[in-house]
Amino acid sequence: MKLAATFLMALRALRRNKMRTVLTMLGIIIGVGAVIAMVAIGNGATSQVEDQIAALGQNVVLVFAGSVTSGGVRAGWGNAGTLKPRDADAIKREIPDAIAISPEVRTSCQISYASQNWFTSIIGEGPDYFTIRNWNFTEGTSFTDQDVRSSNKVCIIGATIQFQLFEDEDPLGKILRINGVPFTIVGVLESRGLSVQGQDQDDLVVLPYTSAMKRIMGVTNLRTINIEASSPDKIEVVQDQITDLLRQKHRIQEDHDDDFTIRNQQEFTKAATATSRILTILVVSIASVSLLVGGIGIMNIMLVSVTERTREIGIRMAVGAHGRDILLQFLIEATSLSSMGGVIGIVLGMGASKIISLTAQWPTRISPLSVLLSFMFSACVGIFFGFYPAKKAAALDPIEALRYE
Amino acid sequence: MTPVIELRNLERTYSSGEVQVRAVRDVSLTIGQGEFVAIMGASGSGKSTMMNTLGCLDRPTGGTYLLDGIDVSKLNRDELADIRNRKIGFVFQGFNLLSRTSAIENVELPMLYSGKRLSARQMREKALAALEIVGLAKRSGHHPNQLSGGQQQRVAIARALSNEPSLLLADEPTGNLDTQTSIEIMGVFQKLNEQGITIIMVTHELDIAHYTKRNIIMRDGEAISDTLVENRLVAAEQLRLLEEAHQAVHLA
């Protein structure tokens, strides 16, 4: 018997009992819809985190100065004063896979322009900083190595500073006073928006690190060194080489701990993947439970349908239907039921995630893979749970079936 | 020429627990091409079992059954289904049409299960031709519940004819019909038989059996009599007589 004809027959049988068909599909619809919506939300969150991580830069290795303990109070990373500009120079000189290096210091200051003033973070960096963090300029350019060497009074401002202090004015070439010290603005950074933690990433002024150390902070040690490795698989190598180099430079004995800490991008990525893995497991378990329940509903209705249509089965067998024709007919019916439920579920799930992203302002992203998988899974549910009733129908004895009232 | 049906010492025994019921015992008979046979008997005489066996819905437990020269006693379920599909047309007492399915789709049903791979249009044409034979071509789109009993039985006959079988099996085809409609149905059978189709019919109504050519009477599973019908009734004639009788009642 032709598959197309069997398929039409199944659809007709389902259309005969619209209410029952819809109710039977409901389990699958809800299950698939929930999966699609949840995966969309999960993906939205994940992609947001991924964007944030990408904003930190690729293949980034961070070297922090060690923590200092004075009188039992531990001051946290970056305050031990163990990291010096010469460490950064040594890394630059001796580790070829560290392709970009930017020493970093940080503080917070009151800044002012004309009659406006603002309290913001001041970070001192090398010119490579913007390469490492993939940060582009809307106006102007980065300061140069020469500016770093001469501790020139130049600065780059974030989008928030431009908005707060300059409004419609062009900030390029204007003099910004940082702690009263005048700096010439040479560039404006592209807006990055809020970070994962909700901090305004554009609320900052970037200076050459030498200028920040000498003219603003009056310190000689670095907080961090930002390093970009040449490729993801070089990260470990670079990390090990830096460890060896710095231990040697700082003259740390065999049995002493490092006076610095190295972190890399992958640790952040790992945390993010772990989160999304937990989310995936959660979604999959919810999906399997609801699809299981939906499948049992389908099996139940198919069993009822086989009993109701015993006589029809008898007639079909009398005129020459093989057992497998009957099997196929009921199997296709069950599968159409579940995959139609799947399609409706997918549509509803997409709608739901749209509504969520519009009302709750959550980013959602519908993954084509989840759509495909839920569809295939719902079809498989139909095959799996339709098989027993179909088998039962196919095994009927034609004489008995014809006599059935 | 091979007979359509040849039974040699046919046996059908049901065993339920320790009790054995010999529904058909040692029946041997031959039915040739173009015959029109009525199998008669009281209930419990084994005629239904006989019918199921002849219709390949059931397998004999002993003896041989040759249908068109093929020994069907040894075929499996699927092979029996194929035989039913190609060689046998069934007409049942309760019509057994698929409800909520149009007449023409009911007639197409056996073609769906034939291995012949007909196109939808070919099937439609053949089904229409079969409906034409029973005089219902105009009602091809009607559903069974929109048709009278006689019309439903005609659709069932058209369905039985759609695969051009060599044998038509009718199980009490007039059992649910009034006298006039019964005669009409017998008229259809007689017409088909004249065209060369072999028909075997189970009935317990003696007057209906008179429209056939040969009567086999069963009792306790055995064929106790096998006679040719004398003074065979012709449906057309009987209908005319019935009509006249009605008229007479009207005039009186």
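User: A residue is buried if 20 or more other C-beta atoms lie within 10 Å of its own, exposed if 12 or fewer, and partly exposed in between. Is Asp26(B) buried, exposed or partly exposed?

Analyst: In this predicted model, Asp26(B) belongs to strand β2 of chain B, which spans residues 19–31. There are 15 C-beta neighbours inside 10 Å of Asp26(B).

User: Which residues does Asp26(B) contact, leaving aside its neighbours within four places in sequence?

Analyst: Arg8(B) stands 18 residues from Asp26(B) in sequence, with a C-alpha to C-alpha distance of 7.6 Å. Once neighbours within four places in sequence are set aside, the contacts of Asp26(B) are Asn9(B), Glu11(B) and Glu222(B).

User: How many of the residues of helix α3 (residues 103–112) of chain B are buried?

Analyst: The buried residues of α3(B) include Ala103(B), Glu105(B), Pro110(B) and Leu112(B). Helix α3(B) is largely enclosed by the rest of the structure, because the number of its residues that are buried is 10 of the 10.

User: Against which helices do the buried residues of α3(B) pack?

Analyst: The packing partners come from both chains. Chain A supplies α1 (3–16). From chain B come α2 (77–87), α4 (120–133) and α5 (149–161).

User: How many nonpolar, polar and charged residues make up the contact of α1(A) with α11(A)?

Analyst: On the α1(A) side, the contact includes Phe7(A), Met9(A), Leu11(A) and Leu14(A). On the α11(A) side, Leu328(A), Ile332(A), Glu333(A) and Leu337(A) are among the residues involved. By class, the contact comprises 9 nonpolar, 3 polar and 1 charged.

User: What is the relative orientation of α2(A) and α12(A)?

Analyst: Helices α2 (residues 18–56) and α12 (residues 368–394) of chain A have axes 10 Å apart and pack at about 160°. Their crossing is right-handed. The angle is over 145 degrees, so the helices are roughly antiparallel.

User: How many charged residues are in the contact of α2(A) with α12(A)?

Analyst: Helix α2(A) contributes Ile28(A), Val32(A), Val35(A), Ile36(A) and Val39(A), while α12(A) contributes Ser370(A), Val371(A), Ser374(A), Ser378(A) and Val381(A). The class count gives 7 nonpolar and 3 polar residues, and the number of charged residues is none.

User: What is the relative orientation of α2(A) and α9(A)?

Analyst: The axes of α2(A) and α9(A) (residues 265–308) approach within 8 Å and cross at roughly 175°. Their contact contains 19 nonpolar, 11 polar and 2 charged residues. As the angle is over 145 degrees, the pair is roughly antiparallel.

User: Which helix gives the largest share of the side of chain A that touches chain B?

Analyst: The contact between the chains takes 16 residues from chain A and 18 residues from chain B. By class, the chain A side has 10 nonpolar, 3 polar and 3 charged residues. Elements of chain A giving two or more residues to this side are α1, α10 (310–318), α11 and α13 (398–403). With 4 residues, the largest share comes from α10(A).

User: Is Asn96(B) buried or exposed?

Analyst: Asn96(B) sits in the loop between β6 (88–91) and α3 of chain B, and its phi is positive, near 50°. It has 21 C-beta neighbours inside 10 Å, and Asn96(B) therefore counts as buried.

User: In which strand of chain A is confidence lowest?

Analyst: Chain A averages a pLDDT of 86, with 96% of the residues scoring at least 70. Confidence is highest, at 94, in strand β7 (residues 154–157) of chain A. The lowest confidence in chain A, a mean of 56, is in residues 69–70, strand β2.

Key:
Residues numbered from 1 in each chain as written. Chains lettered and ligands numbered in written order. Predicted model: local features only at pLDDT ≥ 70, side-chain atom pairs only at ≥ 80, totals over all residues. Contact = placed C-beta atoms within 7 Å. Axes fitted to C-alpha atoms, helices over the stretch in contact; angles between N-to-C directions. Parallel < 35°, antiparallel > 145°, perpendicular 65-115°, else oblique. Left-handed = near helix turned anticlockwise from the far one by under 90°. Nonpolar A, V, L, I, M, F, W, Y, C, P; charged D, E, K, R; others polar. pLDDT = per-residue confidence, 0-100.
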